[in-house]
Amino acid sequence: MSEPVLDLRLVAAAVLAWAAAATAVAHPAPARAALLAGAAAVALTGAVLLATRRGARPLLVLVAVTLVLASVVLHQARAAQGGTADLAADRVAVSATGVVRSDPRPVPPPRAGGPPRVVVEVSVSGLRARGRTLSLAAPVTVFADADGWSRVRLGQRVGFRGRLGPAAAGERAVAVVSATGRPVLLAAPAAPYRGAERLREGLRRAVEPQPADARGLLPGLVVGDTSRLPADLEEDMRAVGLTHLTAVSGANTTLVAGLLVLVASWLGFGRRARLAVAAVGLAGFVVLARPDPSVLRAAVMGAVGLTGLAAGRPVRGVPVLAAAVLALLVADPWLAREFGFVLSVLATAALVLLGSPFARRLEGFGLPRAVALALAVPVAAQAVCGPVLVLLQPSVNPVSVPANVLVAPAVAPATVLGLAATLLAPLSPTAATWAAWPAGLCAGWIALVARAAARLPVAVAVPAGAAGAVVVLVLTALLLGAGAALLRSRRTGSRPRRWLALALALVLSGAALVRCAPRWGGPSGPWPPPDWLVVGCDVGQGDAVVLRSGPTAGVLVDAGPDDVLVDGCLDRLGLDRLDAVVLTHFHADHVGGLAGALRGREVGAVLISPLAVQPAAARVERLAAEAGAAVAVVSAGRRGSAGTVTWTALGPPARVAGATAPDSSQVNDSSVALLADVGGVRVLLTGDLERDGQRRALAEVPAGTTVDVVKVAHHGSSNQFPGLYTRLRPRVAVVEVGEVNDYGHPAASTLELLAATGTRVLRTDTGGDVALAGSPAALRTLVRGSDPAQAARRARYGDG
């Protein structure tokens, strides 16, 4: 039987409401008046359609879009009370009170060897800044030392101090806070939160005697608690497509609802009473597993389905999913831009729409139903989610489907027994430990499969960004076409060679697509492009630019904040020699990674600024001596060469060496500024020069000189000298900046300045490693894409 028209109407309403939410939340609060006007126009149009009896379908779409837009306006208006965003832009110090809205998540410290750090979401209700006390309701993201903050719990009311900073566009939070000191507990969480934390802690204690993999993975399978999941196992699971197992979803909520309905039936409850018990249980499970996107989506789907059953209506997967999406987007429009929510919805849609048809085809091939379902479910999920997953990690791993098939028999028993251990823990810790043992064995099998599959060298790199999504989409269609061709030949028994040839041709076409497809703004084939000239390394909030000076040699200008990140970039470029290392100045985000850059490579010379800032300068000299490299001071007017690269120093003046107790701005303006020639391409490297320093450097440039590439000073801060760009007219600007930073880099004014001069912008926060290749007459720009495995390491340097 075909689905009723209502199903399609709900899908259209959900899709368009999703698009409206994703667009609207990207706009800052000042745009809310326009959004409100748009919502009013949509509502008026709907009223006209209703009055003219044009049908329910367009009216349903209009109502959905109106509700989402109105929700955005109301959320933004509420969050904007008290001028929190304005205070954040000024980076003022504050004292605040608020309610904790997430568990603390560990993040790497901003400096190597620094204290552990965590990030926590807090709903701020009171704020004191600049002598004023404000009452508001603003979501903020708090970065803080783990000491004290790692012990805060969901639902607690806390007081804290810190410095505000602006949040990124499109974020739910209106500001970020770099907290100082420990939080003060003002009120304990409500009873449901306390009960949930007791259950979670009981499960952690129940699995404590088990091996590390099982001890860390089982709480993730049951309640999404990955706090003890080994980092290397998490990475292996990500590499082979098993991370969805620790994102609590529909399977978990189905088990909870089913068990509660079964117990209520044994107790003699009527139909509606059983459904009410299941609804209460779902609400409790959301608190237990935390309201993450997949949990919310699954719970709301369950609630909609239960409502349909209570009303005596049949429950169908597609309208239930669409209704859940609509309800969640109205409640929280920012879900529209979260990858977790997108993947959760797509995976559910895949199972609803494709899982059963795939399984029936496989049964027709002669497979038992259980085996057919075990194969069909991961194939359907991978086919639909693959184009989105590649946006997070630009590669395709052929072992993802086999790995999911191998772990499937262990997932259900691990989840059921783990849930039993969770519920038993407050009553009998011993019984909980016994229940957790077989669950731990199942979790151990999952970890074993993940680790073994991740070691297989079969991952295939694909283009980063939207191009990669298109490539994977087409590749998936080709592979499914090949599979359908083989199944058809087996079922019909006609001309198997022809169908086999077609299947083979489709597979070869997919392989060629992956290997040769050009990237939109990215390279064809492996990284780096063979004719690369300049590469901006993705080292987070820091600088590391490489100028090619030989087949396997380069000149490194700054080393970023982290030794692992810069070492990885140089390894990807295949460099075994650095003809020179230029350290523009001695701030940590430019010299912190020097040890990694020098490790295992020949080094010609290390060039430094005349303004030696201690103790960083002493560390640089020690590392250079250990690498056998000479250290030389560079000031304005000096010329030199390193391999095939030639350069002229435009600054700083030698007199800066006499500065005593320099402040941060003076250190920035002491940056070594170079005008370099790389294969005929002129590159201007500006370190962290501020406006005055840029003006002095420009005065050293011969009249009539233009440049091909400029490394934008100070990560694209607003402190730029416009004359530098209007006179030199660069073709390409490279902005070395971290995706996670609370400095507001790159500034909108800087991006507008570059756009006004017709300069193409490459940003490491959006493009990962970026490159320029070719020749002065045919200069190409390329991006590699960020490595998700290093996201946490890059993020650790972004808070001020």
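Trainee: Which two strands does the hairpin of two residues join?

Mentor: The hairpin joins β10 to β11. This is a predicted model, where local features need pLDDT of at least 70 and side-chain atom pairs count only at pLDDT 80 or more, while totals for chains, interfaces and linings use all residues. Residues are numbered from 1 along each chain as its sequence is written, and side-chain values use heavy atoms, with hydrogens and water left out.

Trainee: What makes β10 and β11 a pair?

Mentor: Two strands pair if DSSP finds at least two bridges between them. Five bridges join β10 to β11 (residues 553-557) in the antiparallel sense, so the pair qualifies. Within it, G550 stands opposite A553. (Strands are DSSP runs of E with at least two residues, and helices are runs of H or I with at least four, numbered from the N terminus.)

Trainee: How do you know that β9 pairs with β10 too?

Mentor: Strand β9 (residues 532-536) has three antiparallel bridges to β10, and V534 faces L547 there.

Trainee: Why is β10 called mostly covered?

Mentor: Five of the six residues in β10 (residues 545-550) are buried. Buried means under 20% relative accessible area, exposed over 50%, and partly exposed in between, with a 1.4 Å probe and protein chains only.

Trainee: Why is V390 called buried?

Mentor: Its relative accessibility is 2%, so V390 counts as buried. V390 sits in helix α14 (residues 369-392).

Trainee: What makes the link between the side chains of R794 and D538 a polar contact?

Mentor: The distance is 3.5 Å. A polar contact is a pair of N or O atoms within 3.5 Å; within protein, one must be able to donate a hydrogen and the other to accept it, and residues adjacent in sequence count only if both atoms are side-chain atoms.

Trainee: Why is L262 called partly exposed?

Mentor: L262 has 39% relative accessibility, so it counts as partly exposed. Its place is helix α9 (residues 250-266).

Trainee: What makes L262, V263, W266, L267 and F269 a nonpolar patch?

Mentor: Patch residues need over 30% relative accessible area and no salt bridge, with nonpolar side chains (Val, Leu, Ile, Met, Phe, Trp, Tyr) joined within 5 Å and like charges within 9 Å. A salt bridge is a side-chain nitrogen of Lys or Arg within 4 Å of a carboxyl oxygen of Asp or Glu. Together these five residues have about 540 Å² of accessible area.

How values were computed
Areas by Shrake-Rupley, 256 points an atom, 1.4 Å probe, with all protein chains shown as cover.
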